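Hi everyone, thanks for making the time this morning. I'd like to walk you through one structure, going from the inside of the fold out to where the chains meet. Please have a look at it first.

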Amino acid sequence: MSSTTTQSADLTPGVSLTETDNGPRAVVTGRWTAAQLTVREVWASVVSALQTVPAGTRVWDLRSVQGLDHLGAQLLWNKWERAWPADVQFIPGQRAVIERVARYSTAPPAMIRTTWWGRFDALGARVLHAMGHAYDVTRLVGQLLIDLVKLAMRPREGPWRDMSGHLYRIGATALPITALVGFLIGVVLAYLTSLQLKQFGADAFIVHILGLSLIRELGPVLAAILIAGRSGSAITAQIGVMRVTEELDAMRVMGIAHGYRLVMPRALALAIAMPLVSVWTTVMALIGGMAAAQLVLGLSPEFFLNALPRAVEAANLNLALGKSVVFGLLIALIACHFGLRVEPNTESLGKGTTASVVTSITMVIIMDALFAVLFKDIGV
Amino acid sequence: MSASVERPDRRGQPVVEIRGLWTVFDSPAGPMVIHRNLDLTIHRGEVVSLVGGSGTGKTTLLRQILGLETPAKGTVTILGRPVAELGERGAAMRVGMLFQQGALFSAFNVLENIAFPLRELKTLPEDVIRDVALVKLQMVGLGVEHAYKMPADLSGGMVKRVGLARALVMDPPLLLLDEPTAGLDPESADGFVLLLRSLHHELRLTVVMVTHDLDTLYELSTRVAVLADQRVIASGRPKEVIAYPHPFVHEFFLGERGQRAMELLREYPFAV
């Protein structure tokens with residue numbers, strides 16, 4: 001029956017229309033498979049060929065088709081407007097494919113439409129969500145305080161190994177990048193201010209400007225932002241992955257508290273590492289500033305170092321250190337908070353990590369402004 | 001070439017051809033040879049189960065067939081073309097893979113997951129893609145009401161079914177399954193096996209699977225390939241393989257667990 005058509009070398013899918021005694025007859029040829037149909041040119045030619053066949057053509061001949069998969073069958077079925085034409089000529093096997101497509105072709109289920117009530121509901125859900133954040137943060141802070149008391153009462157049972165690991169990862173491995181950034185900021189700041197000061201002949205004030213701005217503000221904030229981006233995201237991702245892989249559940253089942261074992265070591269490590277990194281960044285920035293001051297203004301480092309204690313009061317150092325401890329705790333708590341809220345899927349993990357970094361950097365800057373207002377009379 | 005209705009002149013052509021394959025892993029104790037000069041040929045229409053003890057490189061072999069890992073030596077050919085070409089555009093037309101955990105894209109809903117390989121080709125209009133995806137969704141036994149659910153909201157069995165629908169969306173002639181019934185309750189597992197069997201029969205698929213589940217193995221395989229001693233020690237119909245004298249074969253098929261499954265042995269009769 002089809003021995004001649006089998007030899008047809010042309011595999012491009014197509015349809016041709018022939019007139020017979022009982023009306024038009026559509027003859028389908030070629031390979032109606034995904035491999036053919038997903039080629040752009042082939043697709044265009046198939047679509048235009050199908051359009052030449054008038055709707056309601058009653059006789060279809062599929063016997064010369066070289067291959068028919070579900071995609072091809074779907075096209076034909078859609079062309080038939082999802083009903084069998086009066087006369088379809090098959091080879092065995094094609095019928096099963098088209099029947100399967102016919103059986104399962106349905107209109108897609110309706111998407112849920114948004115209504116005014118739905119929007120009102122969504123607003124409520126957002127408010128509850130925000131309150132959930134506040135509740136969780138409060139609980140996290142409270143739990144941390146309780147855990148710290150617990151640690152103080154039984155210091156030997158503390159997760160010290162964990163903490164030293166975090167200290168190394170958060171603090172020690174951050175030294176190169178904070179040094180580089182601090183040094184460059186110091187150079188840039190000193191260079192720009194030097195140019196201005198030179199015009200007024202107020203060269204020596206470079207020590208005041210650099211000393212105060214770097215020690216009191218830029219050093220701690222710069223270090224905190226770097227650590228928030230570097231370690232805040234790492235903590236969130238780490239805890240989030242533990243949620244995805246059910247490690248958090250495993251810990252809970254063993255009776256190991258997340259707060260004591262996960263949050264507290266990280267919070268303590270950051271509270272300790274943050275002031276140290278902050279001092280390191282400040283020192284590097286001052287070195288950069290000294291270098292630039294010598295190049296532009298010819299101020300010797302000896303002069304710079306001698307003038308520095310007189311220019312900047314010691315209270316500024318304490319303020320900077322205190323600020324850094326708060327920044328460290330803040331970054332750790334925010335990172336742990338978003339990490340623990342991750343849902344067990346990858347999208348939520350990505351969102352949580354982003355939210356963690358953005359929130360902690362914003363909070364660091366807000367906190368810094370708060371400190372500036374509160375301690376405006378101290379050290380200046 | 002795809003799992004479409006075709007005239008039966010291509011029967012017996014090798015779909016997967018593995019020649020002289022070596023897999024070597026680095027370990028602290030020096031290089032560790034997993035596969036030594038391994039040969040395996042899988043013909044069209046076969047359902048081949050890879051079995052072997054842990055560490056015999058079943059999943060590694062599956063990943064090498066997919067081109068996800070490169071063997072140290074030897075060649076893997078899929079449908080007459082080197083496996084390295086698999087990563088190219090439209091690979092989903094040639095091979096479908098069902099990963100052990102489903103590997104659904106968690107950012108997409110069920111329908112988008114199934115349609116993804118088709119949509120990425122950027123040739124077909126949206127309504128055709130949606131129709132095809134809806135047909136595949138129902139073909140694996142899920143109702144259209146699940147179309148807009150996110151992967152996180154699905155049960156384990158549903159995840160596997162969606163994964164299967166996605167693997168089949170372009171009707172590839174070769175389907176690879178990694179532990180298709182692992183993690184499913186017995187009832188879902190039976191349902192899944194029946195589904196795979198009917199799909200194999202209807203679509204003339206070639207299937208390669210890794211499984212530890214003897215029920216699945218007996219129900220589906222037309223051939224069992226036993227990996228041990230760094231090569232394929234036995235390959236044949238389940239009944240023939242059971243008779244092969246090797247400690248692993250004895251332990252695996254004729255242990256207590258194996259005896260129980262044997263009682264239910266209904267060898268899959270129709271190699272398409």
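**Starting from the core**

Let's begin with the largest nonpolar core, which has 97 residues; Leu137(B), Val169(B), Leu176(B) and Val208(B) are the ones that touch the most other members. By a nonpolar core I mean a set of buried Ala, Val, Leu, Ile, Met, Phe, Trp, Tyr and Cys residues joined through C-beta atoms within 7 Å. Buried, in turn, is 20 or more other C-beta atoms within 10 Å of the residue's own, exposed is 12 or fewer, and partly exposed is in between, with C-beta atoms placed from the backbone. The largest share of this core, seven residues, comes from α3(B). A second, separate core has 56 residues, among them Met290(A), Phe327(A), Phe338(A) and Leu340(A).

A word on the model before I go on. This is a predicted model: local features need pLDDT of at least 70 and side-chain atom pairs count only at pLDDT 80 or more, while totals for chains, interfaces and linings use all residues. Residues are numbered from 1 along each chain as its sequence is written, and chains are lettered from A and ligands numbered from 1 in the order in which they are written.

Chain B has nine helices and 10 strands. Helices here are DSSP runs of H or I with at least four residues, and strands are runs of E with at least two, numbered from the N terminus. Of its 272 residues, 45% count as buried.

Which residues does Leu176(B) touch, leaving aside its neighbours within four places in sequence? They are Leu62(B), Ile65(B), Leu66(B), Val95(B), Met97(B) and Val208(B). Contact means that the C-beta atoms of two residues, placed from the backbone, lie within 7 Å.

Now find Leu174(B), in strand β7 (residues 174–178) of chain B. Leu174(B) counts as buried because it has 23 C-beta neighbours inside 10 Å. Outside the four places on either side in sequence, its contacts are Val15(B), Val16(B), Ile78(B), Arg94(B), Val95(B) and Thr206(B). For chain B as a whole, among contacts with a separation of 6 or more, 68% are between residues 24 or more positions apart.

Strand β7 belongs to an open sheet of six strands in chain B, ordered β6-β7-β8-β3-β9-β10, with mixed pairing. Two strands pair if DSSP finds at least two bridges between them. At the edges are β6 (95–98) and β10 (231–236) of chain B, each with a single partner strand, so one side of each has no neighbour in the sheet. From one strand to the next, the twist averages 20°. Strand β9 (residues 223–228) of chain B runs antiparallel to β10(B), and five bridges join them. Ala228(B), for instance, stands opposite Arg231(B) in β10(B).

**Chain A: a four-stranded sheet**

Over in chain A, four strands make an open sheet in the order β1-β2-β3-β4, again with mixed pairing. Its edge strands are β1 and β4 (87–89) of chain A, each pairing on one side only. A hairpin takes β1(A) into β2(A) through two residues. Those strands, residues 14–20 and 23–32, run antiparallel and are joined by seven bridges. By contrast, β2(A) and β3(A) run parallel, and seven bridges join them. There, Gly30(A) sits opposite Val65(A) in β3(A).

**Where the chains meet**

How many residues of each chain take part? In chain A, 32 residues are in contact with 31 residues of chain B. On the chain A side, the largest share, six residues, comes from α5(A). That side divides into 14 nonpolar, 13 polar and five charged residues. The classes are simple: Ala, Val, Leu, Ile, Met, Phe, Trp, Tyr, Cys and Pro are nonpolar, Asp, Glu, Lys and Arg are charged, and the others, Gly among them, are polar.

Let me finish on one helix pair. The axes of α5 (residues 94–104) of chain A and α3 (residues 126–139) of chain B come within 9 Å and cross at roughly 95°. The contact is made by Arg100(A), Val101(A) and Tyr104(A) on α5(A), with Leu134(B), Val135(B), Gln138(B) and Met139(B) on α3(B). By class, that is five nonpolar, one polar and one charged. Axes are lines fitted to C-alpha atoms, for helices over the stretch in contact, and angles run from 0 to 180 degrees between N-to-C directions.
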